[in-house]
Amino acid sequence: GAYGAIGARGDEARPAAVRRYACRVEQAVRFVESADRASSPEGRREALEALQAAAIVTADGARRPCEELCARGCGAVLVALLSNELGALQELAACAMANLLACDSVKPKILAELSALNARKRLVPLLTSPSARVALHVAGETQ
């Protein structure tokens with residue numbers, strides 16, 4: 001992939017943290033490309049690991065992984081996962097979505113994609129549910 005194959009010649013010179021980061025990016029990208037497997041138990045396990053990777057690599061707003069995920073149409077995958085029966089997948093999809101929206105280089109593209117997919121319709125019930133594990137802030141007050 002764009003981050004180099006792990007185990008490739010010269011890889012041992014790369015710091016372990018860089019190799020782990022590259023692995024996470026590749027894992028997240030592979031998932032976006034085959035997200036239809038998230039309906040099986042094994043697929044949900046893979047989806048959970050990949051979404052964790054996506055949330056990690058997009059957390060700091062680094063341009064390259066955000067652009068790579070967006071180029072592969074991650075918006076549609078993330079919106080679909082907001083309705084998954086597994087709450088952890090819903091939460092990680094919302095987290096990755098928020099991280100992508102915070103990345104300036106992809107914000108216009110991902111915002112347009114999420115808007116076209118009517119992501120708000122799936123996000124509002126998730127974020128306003130009594131079991132939501134996020135704090136909503138309105139006018140400086142936590143609800």
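This is a predicted model: local features need pLDDT of at least 70, side-chain atom pairs count only at pLDDT 80 or more; totals for chains, interfaces and linings use all residues.

Trainee: At what angle do helix 2 and helix 5 pack?
Mentor: The angle is about 25 degrees, and the axes of helix 2 (residues 41–58) and helix 5 lie 9 Å apart. Helix 2 is therefore roughly parallel to helix 5 (an angle under 35 degrees).

Trainee: Which residues of helix 2 make the contact?
Mentor: Among them are Leu48, Leu51 and Ala55, which meet residues of helix 5 including Leu89 and Leu92 (contact means heavy atoms within 4.5 Å). The contact of helix 2 with helix 5 has 11 nonpolar, 3 polar and 1 charged residues.

Trainee: And what about helix 4 and helix 6?
Mentor: Helix 4 (residues 74–81) and helix 6 (residues 107–116) pack at about 45 degrees, with axes 9 Å apart. Cys74, Gly75, Ala76 and Val79 of helix 4 touch Ile110, Glu113 and Leu114 of helix 6.

Trainee: New topic: which residues of helix 7 are buried?
Mentor: In helix 7 (residues 119–128), Ala119, Leu123 and Leu126 are buried (under 20% relative accessible area, 1.4 Å probe, protein chains only). The buried residues of helix 7 fall within an arc of 70 degrees seen down its axis, so they line one face.

Trainee: What do they pack against?
Mentor: The buried residues of helix 7 pack against helix 4, helix 5 (87–101) and helix 6.

Technical notes. Residues are numbered from 1 along each chain as its sequence is written. Side-chain values use heavy atoms; hydrogens and water are left out. Axes are lines fitted to C-alpha atoms, for helices over the stretch in contact, and angles run from 0 to 180 degrees between N-to-C directions. Helices (H or I, at least four residues) and strands (E, at least two) are DSSP runs, numbered from the N terminus. Buried means under 20% relative accessible area, exposed over 50%, partly exposed in between (1.4 Å probe, protein chains only). The arc is that of the directions from the helix axis to the C-beta atoms. Angles under 35 degrees count as roughly parallel, over 145 as roughly antiparallel, 65 to 115 as roughly perpendicular and the rest as oblique. Ala, Val, Leu, Ile, Met, Phe, Trp, Tyr, Cys and Pro count as nonpolar, Asp, Glu, Lys and Arg as charged, and the others, Gly among them, as polar.
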